[in-house]
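Please examine the sequence and the structure shown here. The briefing that follows treats the helices, the sheet, the hairpins and the core by topic.

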Amino acid sequence: MAQKLRWGIMGCAQIATNSVMPAIQESESGIIAAVASRGLEKSSAVAAEFGIEKAYGSYEELLADQDIDAVYIPLPNHLHREWVIRSAEAGKHVLCEKPIALNSAEAAEMVEACRKAGVHLAEAYMYRHHPRIAEVQDIIARGEIGELRSIRGTFTYNDAGDTTNIRFKSAWGGGSLYDVGCYPLSAARMLFAAEPEAVTVQAMFSPEHDNVDMMASGLVEFPGGVSLIFDCGMWAYNRQLLELLGTEGRIEIPMPFNARFEDAEFILHTCGEAKVIEATGANPYVWQADNFAAAVSGVKPRVAADDPVLNMRLIETCLDSARRRERILL
C-alpha cells in the first residue's frame, strides 16, 4: 500500500489493548490513528499508553473522523450488528471480533451493508492467518495423510467463578459455543472446504450463569460421511487441540487457536512414525492486520465475503440442537 491503513479502535476491551492494538502497531500496513470509548477518560488513558494522537469519548465521533480508513470493533457481541452497519455507512472498512453477530440473519444484514457501502468486512478469527494453517492445508492437499476422514476439535477453559463476566450474559451472546466453540466449528468448515449438513449437540446450561451454555459437545456432519467431533467449555480444565484424521495418517495440532512463535509446531503421524513439524512461527494478529489491509487495497481476501453468515448459521444451529436435544439438518 502506498499509504498505511489508518485504524480507529472502537472500544478499549482487553482483546484490543492486549493483542490487536499492539499487532496493528507492529504490522507493516497499519497505524492506529484514534481510539474511542464511551468515556473520554478511558480512551485518553489508552491513547496515552499506545502513543495515539486522538481519543474520543463516543463511537459516533470516531466514525465522523475523515482520517480513519478502518475500524476494529471489540465490543460485546450484541453490539456488533449496530456498529458494523454504522461503520459501513460512514465509509469505514470493518474488522469485527468473533462471533460477528448473535445469529445468521444479523450477519447477513451486516455483510450486505458492507457490500452496499463498498467496504471490506472481516471477522477476527486471527488463528486462520497464522502461517501454520496454510502449511497444514498444504500437507492435506498433497495427500500426505490420505483422504481427510474426521476432525476432532477442543477448546475449553474455566472461568466460572467470575459470574459478572459478559460471556455469561445470555442476551449479549454469551456461552461457550459463541466464545470458544466457534473456533473448532470454523476450523472444520475451513479444513473440509465444505458446509455441514447436520448437527447434534449436547450442552450444560447453568442457572448460575444466566442459563448460557457453559459446556457443549457435539457431532457436525459434512458431505461424504465425514465429520467434526468437538467440545467447548468455560467451566472445564484448560485445553486446546485439533486432530485431523486421514486414511493414511493424522495431524495433531496443539494450541491450534492461540499459537504464535514457540508453540507453532504440530505432529505428523504417518507410516507408524510421529514427526514433529517446526511450523513457521508468527503473531497471527499481525498477519491478520496485514491481510486485512491487503484486502482493502484490492488483494483477494483469504476468506469469502459470506463466510461470517455461514459460520453464524452453524453456531446458532448447534445452540438450537442443544436446547431442543435433537439432531438438526442445515
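**Briefing**

Just after helix α4, Gly91 takes a positive phi of about 80°; helices (H or I, at least four residues) and strands (E, at least two) are DSSP runs, numbered from the N terminus. The model is predicted, so local features need pLDDT of at least 70 and side-chain atom pairs count only at pLDDT 80 or more, while totals for chains, interfaces and linings use all residues. Residues are numbered from 1 along each chain as its sequence is written, and side-chain values use heavy atoms, with hydrogens and water left out.

**Helix α4**

- Helix α4 covers residues 80-89, and His80, Trp83, Val84, Ile85, Ser87 and Ala88 are buried in it; buried means under 20% relative accessible area, exposed over 50%, and partly exposed in between (1.4 Å probe, protein chains only).
- The buried residues of α4 pack against β1 (5-10), α3 (59-64), β4 (70-73), β5 (93-96), α5 (104-117) and β6 (121-123); contact means heavy atoms within 4.5 Å.

**Parallel sheet**

- Six strands form an open sheet with parallel pairing, in the order β3-β2-β1-β4-β5-β6; two strands pair if DSSP finds at least two bridges between them.
- β3 (54-56) and β6 are the edge strands, each pairing on one side only.
- From one strand to the next, the twist averages 25°.
- β1 pairs with strand β2 (residues 30-36) in the parallel sense over six bridges, and the bridge partner of Gly8 in β2 is Ala34.
- Helix α8 packs on the sheet, where it touches β1, β4, β5 and β6, and its direction makes about 150° with that of β5; axes are lines fitted to C-alpha atoms, for helices over the stretch in contact, and angles run from 0 to 180 degrees between N-to-C directions.

**Helix α8**

- The 13 residues of α8 (residues 284-296) should span 18 Å at 1.5 Å a residue, and the end C-alpha atoms are 18 Å apart, which agrees; the expected span is 1.5 Å times one less than the number of residues.
- Buried residues of α8 include Pro284, Tyr285, Val286, Gln288 and Phe292, and the buried residues of this helix pack against β1, α1 (14-26), β4, β5 and β6.
- Asn283 caps the N-terminal end of α8 through a side-chain oxygen that lies 2.9 Å from the backbone nitrogen of Tyr285.
- Gly298 follows α8 and has a positive phi, near 115°.

**Antiparallel strands**

- Strand β9 (residues 212-221) is mostly covered, with seven of its 10 residues buried.
- Strand β8 (residues 198-206) pairs with β9 in the antiparallel sense over nine bridges, and Ala203 has Ala216 in β9 as its bridge partner.
- The hairpin of β8 and β9 has five residues between the strands, and Asp210 in the turn has a positive phi of about 60°.
- β9 also pairs with strand β10 (residues 227-233) in the antiparallel sense, over seven bridges, and Gly218 has Phe230 in β10 as its bridge partner.
- In the hairpin of β9 and β10, with five residues between the strands, Gly224 takes a positive phi near 85°.

**Nonpolar core**

- The largest nonpolar core has 108 residues, of which Ile73, Ile151, Leu185, Phe230, Leu244 and Ile251 touch the most other members. Helix α7 (residues 176-192) gives the most to this core, with 10 residues.
- A nonpolar core is a set of buried Ala, Val, Leu, Ile, Met, Phe, Trp, Tyr and Cys residues joined through side-chain atoms within 4.5 Å.
- Leaving aside neighbours within four places in sequence, Ile251 is in contact with residues including Val136, Ile139, Leu242, Glu243 and Phe266.

Definitions and conventions
A polar contact is a pair of N or O atoms within 3.5 Å; within protein, one must be able to donate a hydrogen and the other to accept it, and residues adjacent in sequence count only if both atoms are side-chain atoms.
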